[in-house]
Amino acid sequence: MMVSRLRLASMRTQILLLAVLPIFLLASFATVHSTVREAHHRELAAASSLATKIAIAANRIHAATSPVQLQAALDETTRNGLSAALTERRFVDEFELRPIRVDADAADGLLQKLLDLIQASHAEVAPSQSPVMVVRIDDTRSVIFRPDIPALPSLYKEVMANMVLSTLVVLPVVLLSYFLSYRLTRPLIEFAADAQRISGDEDSKEPFTADGALEVRSLRDSLNVMQARIQRMTERRTMMLRSLGHDLRTPLTRLRMRAERSPEGELRTNMLNDISTLAAMIDETMLYLKSIYTDPVPAKKVDLASLLQTIADDYADIEVSVSFSGPPRLVHLCKPRDLARAIQNLIDNASRYATHIDLVLRETDDGEVVIEVCDDGPGLADDLKQEVFEPFFKADTARTVRDNGGLGLGLSITNSIAKTHGGSLRLLDRQPHGLVARITLPAGKARELLRTNRPANDRVFHLQ
């Protein structure tokens with residue numbers, strides 16, 4: 001689980017962990033190992049010192065031939081911090097250290113015995129009594145030593161203190177690793193931001209600007225070359241379509257003139273209908289190209305309530321059932337002709353499938369303006385609600401079509417217009433049936449444009 005999460009983490013996190021984690025583990029191991037080893041050396045040194053003192057004291061006590069010499073040896077041992085006492089009792093855990101048998105094995109055994117005694121003394125939080133070391137010096141006597149165990153620092157506290165110091169030493173390495181990971185991944189983050197910006201704006205001509213290592217600069221230049229080629233291909237395609245649309249108008253005009261002079265009434269009517277359909281298709285295509293590739297039109301302050309009411313009245317005149325609901329006045333900065341075209345496209349699309357259309361205008365608490373075109377038609381499947389924004393896509397199979405007109409560019413044009421206003425277009429389900437086409441216009445962008453582009457005589461335009 002942890003490995004899979006690390007694999008899905010950001011590249012910056014992976015580089016940082018790859019650089020810092022081995023160093024931290026190595027530093028932790030070295031710190032703990034050196035601290036334990038140093039503590040063992042201190043215990044070994046203390047045990048060696050006590051072993052030497054005990055061996056010397058045992059020899060003196062054993063060599064004493066009179067009570068006076070014996071007392072002097074015991075006093076000397078006490079002054080050396082051993083607190084010795086002579087006894088004739090035998091003990092189970094006493095240590096044999098007779099002078100005649102003091103050899104390397106006995107010395108090592110005494111050292112290990114004292115080392116265990118020191119470790120046991122340090123392991124107890126509050127020892128109940130002083131540690132005791134019983135040494136057998138001859139067949140009838142033993143010496144009870146109560147050595148003063150040196151107060152050594154706690155191994156746990158020492159390890160934690162050294163870990164803190166080790167962390168302070170490793171901290172510059174961590175900071176340097178973070179800086180290097182930031183420097184290595186920053187161009188990739190800039191690439192992602194540029195790609196997101198370019199994908200959100202199909203007409204963007206801004207190049208990729210990421211900078212960094214040689215490989216990053218090479219990738220940047222390659223992407224800029226690719227983007228320039230795509231733009232040139234798009235412009236050539238647009239010019240070709242424009243030329244084609246312009247050139248088709250002339251023969252269509254001649255066909256219309258010849259059809260109008262036809263003596264056969266039914267044939268003339270059918271020909272004129274087909275010519276009108278072709279002309280409408282060409283106009284729709286040219287309008288789509290214009291909405292994408294023409295220069296931006298300056299925005300104006302518009303009373304959206306008046307604009308939408310006028311659109312609803314115009315459709316009512318041609319017997320399309322459209323009702324408007326919203327505030328009596330709502331001023332917003334927009335491009336009125338483009339926005340009117342977008343709403344008309346939505347109403348035209350809804351009128352093919354519905355008997356009644358509700359045109360709704362409202363403002364959210366955040367200042368966003370919401371325009372909704374709600375119909376009572378059969379609705380639209382969820383898997384088609386994004387595909388219908390593609391040019392020339394027609395979702396006629398999902399709804400009951402009364403007339404099969406258009407090239408499937410209406411929603412694409414509306415979506416482009418919404419984006420040029422900094423907003424969005426969404427298709428939602430309406431209960432109990434039908435579709436809601438919602439255009440959301442942001443308030444922040446409108447206020448910014450009002451502050452920067454306010455004309456000298458600020459007026460509100462109404463669509464007549």
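1. Let's start with one residue. Leaving aside neighbours within four places in sequence, Ile-311 is in contact (heavy atoms within 4.5 Å) with Ala-340, Ile-343, Gln-344 and Ile-347. Ile-311 sits in helix H8, where helices (H or I, at least four residues) and strands (E, at least two) are DSSP runs numbered from the N terminus. With a relative accessible area of 2%, Ile-311 is buried; buried means under 20% relative accessible area, exposed over 50% and partly exposed in between, using a 1.4 Å probe and protein chains only. The C-alpha atoms of Ile-311 and Gln-344 are separated by 7.5 Å, though the two are 33 residues apart along the chain.

2. Before going on, a word on what you're looking at. This is a predicted model, in which local features need pLDDT of at least 70 and side-chain atom pairs count only at pLDDT 80 or more, while totals for chains, interfaces and linings use all residues. Residues are numbered from 1 along each chain as its sequence is written, and side-chain values use heavy atoms, with hydrogens and water left out.

3. Now the whole chain. It has 464 residues, and 35% of them count as buried. The secondary structure comes to 11 helices and 11 strands. Take the contacts in the chain with a separation of 6 or more: residues 24 or more positions apart account for 66% of them.

4. Back to H8, residues 304-317. Its 14 residues should span 20 Å at 1.5 Å a residue, and the end C-alpha atoms are 20 Å apart, so the two agree; the expected span is 1.5 Å times one less than the number of residues. Besides Ile-311, the buried residues of H8 include Leu-304, Leu-307, Leu-308 and Tyr-315. What do the buried residues of H8 pack against? Their partners are strands S5 (300-303), S6 (322-325), S7 (331-334), S8 (357-363) and S9, plus helix H9.

5. Glu-319 lies in the loop between H8 and S6, and its phi is near 65°, a positive value in a residue other than glycine. At 77% relative accessibility, Glu-319 counts as exposed. The loop between S10 and S11 holds Pro-432, and the peptide bond from Gln-431 to Pro-432 is cis, with omega near 5°. For background, most residues other than glycine have a negative phi, and most peptide bonds are trans.

6. Among the buried residues of H9 are Leu-339, Ala-340, Ile-343 and Ile-347.

7. Next, the core. A nonpolar core is a set of buried Ala, Val, Leu, Ile, Met, Phe, Trp, Tyr and Cys residues joined through side-chain atoms within 4.5 Å. The largest one has 41 residues, and those with the most contacts inside it are Ile-347, Leu-359, Leu-361 and Ile-371. The elements giving it two or more residues are H8, S6, H9, S8, S9, helix H10 (410-420), strand S10 (424-429) and S11. Apart from this core lies another, of 28 residues, among them Ala-47, Ala-58, Val-135 and Val-143. Not counting residues up to four places away in sequence, Leu-359 touches several residues, including Leu-308, Ile-343, Ile-347 and Ile-371.

8. How many cavities of 30 Å³ or more does the structure hold? There is one. On a 1 Å grid over the protein atoms alone, a cavity is a set of points where a 1.4 Å probe fits but cannot get out, and lining residues have an atom within 4 Å of a point. Grid points are joined across faces, edges and corners, and the volume is the space filled by probe spheres set on the points. The largest cavity holds about 60 Å³ of space. H9 (336-351), S9 (369-375) and S11 (435-441) each supply at least two lining residues, and H9 gives the largest share, three residues.

9. Finally, two other spots. Ser-177, in helix H5 (residues 155-200), is buried at a relative accessible area of 10%, and Ser-177 touches Leu-16, Ala-19 and Val-20, not counting residues up to four places away in sequence. Val-331 lies in strand S7 and counts as partly exposed at 30% relative accessibility. The C-alpha atoms of Val-331 and Val-302, 29 residues apart along the chain, are separated by 5.4 Å.

Note on methods. 1 Å grid on protein atoms, 1.4 Å probe; cavity = no way out; pocket = protein on both sides within 12 Å on 5 of 7 lines; lining within 4 Å.
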